[in-house]
Structure formats: structure tokens, C-alpha cells
Amino acid sequence: MTSTPESDDDRAFKDLNVVGMLQRFWEQKQVTGVMVDLDNLVIYESLPSPGPPYICYVTLPGGSCFGNFKYCYTKAEARRDAARVALMNSTFNELPCRRITPEFVACSVEEAVATTSGNMRDAADPSTSVGAYHLMLQANVGKTMLEFQEIMTVFQLLHWNGTLKAFRERKCRRQEVISYYSQQRVDGCMRSHMALDWLQMERRTPGLLSHELQLALRELAQARQAGRELRFYKEKKEVLCLALSQAGTERPEGCGEEEEEEEAWRGEGPGVDRLGPGGLCLEESVDPSERCRFYEERESDGEVLG
């Protein structure tokens with residue numbers, strides 16, 4: 001097969017060693033005195049493919065994920081392009097304008113009110129959508145936008161999975177939910193709980209999982225080609241693939257990553273021995289009553305999820 005000639009940009013990025021630059025950038029950001037595995041600081045995942053276009057994802061410390069948006073003819077080219085996108089976002093994230101400040105919170109809330117049917121009084125009421133957004137921003141003053149997005153990914157997944165709706169129906173206090181899940185990260189057990197929820201929905205509506213997976217794959221591809229942050233879309237795919245693997249159906253197209261690559265993406269580390277067949281969590285790392293405390297009915301008519 002005839003190879004495509006390299007462009008000047010491709011040769012320039014090879015000379016720059018953008019993969020090494022991204023690694024050094026994050027090495028320098030690590031807190032002095034903290035033990036860090038520098039070899040796995042930035043994680044690359046190249047999807048198996050018999051030929052071009054090749055796809056590569058890169059996951060940064062904290063969980064932010066980016067991918068190559070160019071049509072890449074080699075795995076090395078895809079890796080460089082993914083690193084380039086991640087490096088651009090990493091350096092841009094260091095600008096003062098990308099940090100959440102009280103001024104940024106005020107402007108963001110005003111914009112949120114302008115695009116909804118609410119008013120500024122709603123910002124002080126956590127039971128409203130604007131109030132919840134205001135509460136989230138206030139809780140993350142000082143963080144960068146990438147750090148904020150990493151936290152918001154958890155809530156995006158809970159909304160997509162129907163968990164927030166369950167909290168609202170059970171009159172859970174919004175502040176408690178936000179406070180609790182702001183401290184959580186997307187890990188193997190969280191994926192397992194979500195996969196089990198989707199298995200139950202599949203039993204009620206056969207074919208739902210395959211349909212949702214196709215939507216998730218399409219969203220992931222569109223976001224990657226647009227150069228956007230990918231964690232939410234990638235996690236949706238991971239959850240649905242996990243649920244399908246437990247449903248006893250054939251492994252669908254789009255869930256064919258090798259086992260090593262799946263583990264590298266998840267970054268489970270020492271906790272991986274608690275995962276059962278297919279990755280479903282068999283043992284909670286915390287008291288189940290603590291994790292499920294938001295499902296308790298409350299007599300109070302206080303703030304609920306909107």
C-alpha cells in the first residue's frame with residue numbers, strides 16, 4: 001500500500017517530540033514529595049485496527065481524556081496527534097482565564113439565568129437548576145476548568161444513568177448529593193453500579209443497550225474529531241460495553257479493545273482484584289449503607305434535585 005507523504009506539520013511535530021513534551025509538562029506539575037509513577041503519568045490507548053484511520057486516546061492525571069482528530073495513517077501518528085491535542089489543552093488550561101474565580105462564578109450565573117426561564121433569585125436556591133450550578137461553581141473556586149470538568153463528568157454520568165432522577169424522586173437533599181459526589185471519582189465500582197442499572201433497563205426494554213452503545217460511539221467519534229474533552233463519552237461507552245458483556249450477548253463492534261488497554265484506561269491499580277468476571281464489583285470499598293444513604297426517604301421538604 002502506498003503511504004501518504006508527511007506534511008510539514010507532521011514533520012515539525014516529530015521534531016518537537018510532542019509526546020515527550022506532554023510527559024514533561026505533567027511531571028513538572030506534580031506536587032513535590034508525592035510518590036508518582038512517572039511512567040504511567042500520561043496514559044495512551046491505541047485502538048486495535050487492521051488499517052487506517054488509527055485512533056489513539058490519551059488520559060491525563062485527574063482523568064481528562066483527549067484523542068487524535070486527524071485522519072492518521074500510522075499508530076505513531078495517531079499517538080502524536082492525540083498528545084498534541086492534550087498538550088494544547090493542558091497549556092491553555094494554565095491561563096488565568098481558565099481558573100474559576102468569584103468573578104467568573106458571577107458572570108457564569110448571569111449567563112445561566114439569561115439562557116433559562118429563571119431569575120437571579122434562583123441562584124440562592126439550591127432546589128433550582130441555576131442554584132445547583134451556582135453551588136457547584138462556588139464549591140470549586142480556585143480550580144481550573146479541566147479540574148472542574150473532571151468533577152462534572154461524575155454528575156453527567158449520574159444524570160445520563162438515571163441516578164439523579166432517583167435521588168430527586170426520593171426527596172434527597174441536593175447539597176448532600178453534590179457534596180458527596182464531588183469527592184468521588186469514576187472507578188471500577190462506579191462503572192459496575194451503572195452497568196447493573198443498564199442491565200435492568202435492558203431486561204425491561206430488550207435492545208436498549210445496543211442502541212445506546214451506537215449513540216455513545218457516534219458521540220465519542222464526533223467529540224474526538226472536534227478536538228473536545230472525551231471523558232464523559234468514553235465512560236459511557238465503557239459502562240455500556242461492560243453491561244453488554246454481562247448480558248450474555250455477542251461482544252458488539254466498538255467494544256473490542258484488548259484487555260490490557262481496558263485496564264490501562266481504567267487505571268484501577270491495587271483495587272482491580274475486587275472485580276469479578278467482566279469487571280463487575282463484587283465487594284464494596286465502603287459500607288454499602290454509606291454509598292446508598294441518598295436513597296433513604298426523608299421527611300424534610302428541603303432542597304431536592306431538579
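This is a predicted model: local features need pLDDT of at least 70, side-chain atom pairs count only at pLDDT 80 or more; totals for chains, interfaces and linings use all residues.
Local features are taken only at pLDDT of at least 70 and side-chain atom pairs only at pLDDT 80 or more, while totals for chains, interfaces and linings use all residues. Residues are numbered from 1 along each chain as its sequence is written, and side-chain values use heavy atoms, without hydrogens or water.

In soluble globular proteins, nonpolar side chains tend to be buried together. A nonpolar core here is a set of buried Ala, Val, Leu, Ile, Met, Phe, Trp, Tyr and Cys residues joined through side-chain atoms within 4.5 Å; buried means under 20% relative accessible area, exposed over 50%, and partly exposed in between (1.4 Å probe, protein chains only). The largest such core has 49 residues, and Tyr181 and Trp198 have the most contacts inside it. At least two of its residues come from each of α4 (102-114), α5 (129-139), α6, α7 (163-169), α8 (174-181), α9 (188-204), α10 (208-225) and α11 (231-246). Another core, of 21 residues, lies apart from it and includes Val18, Val58, Ala78 and Ala83. Helices (H or I, at least four residues) and strands (E, at least two) are DSSP runs, numbered from the N terminus.

Helix α6 covers residues 145-161. Its buried residues include Phe148, Ile151, Phe155 and Trp160. The helix bends by about 25° at Ile151, the angle being that between axes fitted to the seven residues ending there and the seven starting there. Gly162, with a positive phi near 90°, follows α6.

A search of the whole structure finds six aromatic pairs. Rings of Phe, Tyr and Trp (its six-membered ring) pair if their centres lie within 6.5 Å; planes under 30 degrees apart count as stacked, over 60 as edge-to-face and the rest as tilted. Tyr71 and Tyr73 are a tilted pair because their planes stand at 50°, with ring centres 5.1 Å apart. Tyr71 is partly exposed, at 47% relative accessible area, and Tyr73 is also partly exposed, at 40%. The rings of Tyr180 and Tyr181 have centres 4.9 Å apart and planes at 90°, so this pair is edge-to-face.

Asn68 lies in the loop between β3 (65-67) and α3 (75-92). Asn68 counts as buried because its relative accessible area is 0%. Its side chain reaches the backbone nitrogen of Cys56 at 2.7 Å.

Technical notes: A polar contact is a pair of N or O atoms within 3.5 Å; within protein, one must be able to donate a hydrogen and the other to accept it, and residues adjacent in sequence count only if both atoms are side-chain atoms. The expected span of a helix is 1.5 Å times one less than its number of residues.
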